[in-house]
Amino acid sequence: MSLTRRDFVKLCSGTVAGLGVSQLFHPGLVMAMKEGMQKHPVIWIQGQGCTGCSVSILNSTNPSIKKVLLDIISMEYHPTLMAAEGQTAMEQLYAAAEKFKGKFFLAVEGAIPMAADGKYCVVGEMHDKDGNHREITMLDAVSELAPMSGGVLALGTCAAYGGIPGAKGNVTEAVGVGTLFEKKGIKTPVVNIPGCAPHPDWMVGSIAYVLTQGALPELDRDGRPTLFFGENIHENCPYLEQFEFAEFAETFTSKGCRYELGCKGPSVYADCFKRRWNGGVNWCVENAVCIGCVEPFFPDGMSPFYEPE
Amino acid sequence: MSDAKQPAAGKKIKVAIDPVSRIEGHLKVEVEVKDGKVVDARCTGGMFRGFENILRGRDPRDASQLTQRICGVCPTAHATASVRALDDAFGVKLTSNGRIARNLILGANYLQSHILHFYHLAALDYVNGPDVAPFVPRYEKNDVRLSPEQNQIGVDQYLKALEIRRICHEMVALLGGKMPHVQGLVVGGTTEIPSAEKLAAYGERFKKVRAFIEEEYLPLIYLLGSAYPDLLATGKGCKNMLSYGVFPMDDAEQEFLLKPGVYTDGKDLKLDTDRIHEDVKHSWFDDATTGLHPSKGKTVPMPEKETGYSFVKSPRYDGKPHEVGPLARMWVSNPELSPAAKKAGFKRMRDFGDKAFSILGRHIARAEEALIVADAIEKWLVEAKAGEETFVSAPIPEKAVGMGLTEAPRGSLLHFVDIKDQAIDNYQIVAATLWNASPRDDKGARGPIEEALIGVPVPDVANPVNVGRTIRAFDP
C-alpha cells in the first residue's frame, strides 16, 4: 500500500495528539464541567445548510435523542426545534449567550456566506436593548456568538469546510467556521464534525466525550476527532479482499469491490465501516459507493462520484 | 413576546416574525394587522445557496447526490425528482423491482417527514412542551386550549414520534444505504437489490410506524379539530391546487398512488407542465430572467435588488398561484379517508368542502395521506421481489434534456436537466417551497402562504400565534 494521507499527517505533525482541554476550550467551560454542570447549554444556529445535521442527530439511539434533549444538554436555541419564534427567539439567543458566556457550546450547522455582507443568509431580526432594529446574518451571528462561547462544534461538512454551498460555481463565497475564524482572527476553539450528514454518534459522542472526560478528543489535521475519523474506509472495507484480487463490481447491483464504480473509500477517513448507519442496518459502501462526504474537499475533490479516482 | 403594541381601531400595524422557527430553512414573515386581522402579508426566504449554478459543468449522474442535499428532511424526494429527470434524459426504463424499491424508499421517508413535520415542527403551536429549553420560552399567551390530560397525550406522542420517525429512517436506510442523505437512488433505478432479510426488517419496522399513524397521529389530529374548531375556517389561501402525481403504480408509470392534476378557479384540469413559469420581479434575481419556463430557467441572484424581498422565485401555473402539498394532492386525488374520518362524517377529502382550505384542513390532509402511503407500502412490500434486479445501466448521453416530476412530502417538485457534451449545461429546480412560500408574482398576486394569511385573526399583536400556525400548516 502506498503512504496514506493519515500516515503523512502523523509523520509531519507531532501535534495531532495530546492537545489538552486548556489549550482548546474556554476556561469557563472547563470550570463548568469540573463543577459538574448538568444539562450543558448548547446554542445551535443554522446557516447555508439543509437541516440534515439536525435531522441526523434526532436519530441518536445511544443515548436516545429524548435523553440528549431532556437530560444531557439544554438546547437553549435551535431554529428547527424551539417553541419560540421571531423577537422572542432572537432575544433568547442573545440572552442565553450572555447567561452562559464562556460555557455554552456553539453548534454551527451550514456554511457561512461572506459575499454581499452576508446577505445570502439572514438568521433573524430583532430590536436590541436600545430599540434599534437589526437584521442578523449568519456571518454576524457566528462572528458575535463564537467568541462568547466555550467552544464551537462545526457540525457537518458545510460548517466545517464549506461543503456544497462552498463548491465550485457558488457565488455566495460560502465558507466553514475555520476559514471564517482565520479571516476574522477569532481564536475560539473549534471541533469539526463533518459528514453530509454527520453520524449522530459523531455529534453526540463528541459532546459526550467533552462532558464526561473534561477534555477534548484528539483532533486530526482537519480538526476532526480521530476517535471517529481516524481510520481509512478502504483499508477496513469488507470488500478489501476483492479489491486485492481485482474483483470489481461492474454495476451497482453486481458483486465485488466498488472501486471501479467510483468508491472514494481509499481517500476517506471515517468509521462508517464498523459503526454503520441508522441503527446499523446499512452503510454507503454496502448499498452503493462512498462519496467522501466527510472530507474537506467534498464535493469537488470527490466528484465525479461515479468515476474511479 | 413581540414588542408590538395593539393598534387603535381602524389603524394598521406591521408585525414581523423572523425567524419563523420550526420549519426547514430560513423564513421571515411580515404581516399588516388591522382591527385584529391580517390584511396584508409578505414572505421572505432569507437564504440562497445556488445549487443550480453549482451543478453546471458536472457529471449529470452526480445531480441526484448533490440536489438531495437541498433538504435534509426530504432528500429522498429531491433524489427522486433528480433520478427521474436523468432517467428521462438517459432514456432508461426501470425494472419493476427498481420502481417498487424506489417507492419503498420514498414512501418510508414520506412517513418520516409527515410525522416529523406534525410533531416536531407544528405541534408546539397547539401543545405546551415541558417547561425546559427548547420548549421555553414561548409566547406568553399562546392560545393552547387542551386540557392538562390532552396536553400530556400531545407531549407523550411528541417524544414517541422522535422514535417512530427514526424507525422510518431505518426503513429508508435498509434499501437506500443511509439517512440523511440516501445513497441508493441513481439513474436507472436503485443501487441495492433488496434481500429477503432486508425486506423483512423493513416490514417489521413498518408495522410499528403504521400502528402509530392509525392509533395516535390521526386521532390526535381529529382531537385538535374539536379543540380548535375555528382553525378549520382560518387560513383559506388561493384555493388553487397542483399535484404532479407521486408513487408510480405500474411499469409504464401512467398510474400514480396520488394522481397528477390541477384545480384552478374551482375547475379540475389535466396537468400540463408547459403552463408553468417562474416570475422573479419581487425576488432577489435579475429581472431579465423573469417569466421563464423551467426548461429555459436561469438563476442570477441580485441580493441588493430593491424591488425584491425574497430569495424564493414565484412559480405560477397558468399565470396563477397554486398551493402544493398534502392538501393539494388529497384534493386532486380525493381518495377515501381513514375510519377516523368516516366516523366524523367525512368519507373523502372533498367532503370537507371549504373546511379543507384551512390550517387544520392541511394537517388533516397530511395525516390522512400518511395512512394512504402506509397502506400502499404494505402492498409494495408484497410486490417487492427479493433478489430481483433493481438497476438498469445506461451511458451518459452526449446531448439530452430530461424532466423529473414527483411530489415531495411538502409538495410538487420539478427537476430539469439539460446535458451537453455529457455534462450538465443547465439544471433547474422548482421546489415545493417556491410554490407555497413565493413572494408576489409579476402581476402582483400574492403567493399561497401570503394569501392564506389574509383574514387570519391576530387579536393580540404581541402574541401572533395564528400567523405561525398558518405558515407551519404548509410545511414550508
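User: Which residues of chain B are linked with B:Asp40 in a network of salt bridges?

Analyst: Happy to take a close look, and please keep in mind that this is a predicted model. The network of salt bridges links B:Asp40 with B:Arg440, B:Arg446, B:Glu450 and B:Glu451. In general, side chains of opposite charge can pair when their charged atoms come close. Over all chains, the structure holds 50 salt bridges.

B:Glu253 and B:Arg84 form a salt bridge whose closest N and O atoms are 2.8 Å apart. B:Glu253 is partly exposed, at 22% relative accessibility, whereas B:Arg84 is buried, at 17%.

The salt bridge between B:Glu170 and B:Arg166, at 2.8 Å from N to O, is a local one: both residues lie in helix H5 of chain B, 4 residues apart, or about one turn of the helix. B:Glu170 is buried with a relative accessible area of 8%, and B:Arg166 also counts as buried, at 17%. B:Asp272 and B:Arg275 form another salt bridge, and here the closest N and O atoms are 3.4 Å apart. B:Asp272 is partly exposed with a relative accessible area of 28%, and B:Arg275 is partly exposed at 41%.

Salt bridges also cross from one chain to the other: there are 5 of them between chain B and chain A. One of the pairs that joins the two chains is A:Glu307 with B:Arg61, whose side chains meet at 2.7 Å, N to O. Helix H5 of chain B gives the most, with 11 residues. By residue type, the side of chain B that touches chain A divides into 38 nonpolar, 20 polar and 22 charged residues.

How much do the two chains share? In all, 80 residues of chain B are in contact with 75 residues of chain A. Together the two chains bury about 6,600 Å², 58% of it on carbon and sulfur atoms.

A:Gln48 gives a close view of a place where the chains meet. This residue lies in the loop between strand E1 (40-46) and helix H4 (52-57) of chain A, and it counts as buried, at 0% relative accessibility. The side chain of A:Gln48 makes a polar contact of 3.1 Å with the side chain of A:Thr172. The side chain of A:Gln48 also reaches across to chain B, to the backbone oxygen of B:Phe48 at 2.9 Å. Leaving aside residues up to four places away in sequence, A:Gln48 touches residues of both chains, among them A:Gly110, A:Ile112, A:Cys121, A:Cys158, B:Met47 and B:Arg49.

B:Phe48 leads on to the aromatic residues, as it forms one aromatic cluster with A:Tyr120, B:Trp284, B:Phe285 and B:Phe311. The structure holds 24 aromatic pairs over all chains. One of them is the tilted pair of B:Phe247 and B:Trp380, at 5.1 Å centre to centre with 40 degrees between the planes. B:Phe247 lies in strand E6 (residues 241-248) and B:Trp380 in helix H9 (residues 359-383) of chain B, so the pair ties together parts that are 133 residues apart in sequence. B:Phe247 is buried, with a relative accessible area of 1%, and B:Trp380 is buried with a value of 1%.

Finally, a few words on chain A as a whole. Its secondary structure comes to 14 helices and 9 strands, and 62% of the 309 residues of chain A count as buried. Among the contacts in chain A with a separation of 6 or more, 74% are between residues 24 or more positions apart.

Conventions: Residues numbered from 1 in each chain as written. Chains lettered and ligands numbered in written order. Predicted model: local features only at pLDDT ≥ 70, side-chain atom pairs only at ≥ 80, totals over all residues. Heavy atoms only, no water. Contact = heavy atoms within 4.5 Å. Buried area = accessible area lost by both parts, 1.4 Å probe. Salt bridge = Lys/Arg side-chain N within 4 Å of Asp/Glu carboxyl O. Helix = DSSP H or I, 4+ residues; strand = E, 2+ residues; numbered from the N terminus. Nonpolar A, V, L, I, M, F, W, Y, C, P; charged D, E, K, R; others polar. Phe/Tyr/Trp six-rings, centres within 6.5 Å; stacked < 30°, edge-to-face > 60°. Buried < 20%, exposed > 50% of the residue type's maximum accessible area, 1.4 Å probe, protein only. Polar contact = N/O pair within 3.5 Å; in protein donor to acceptor, adjacent residues only side chain to side chain.
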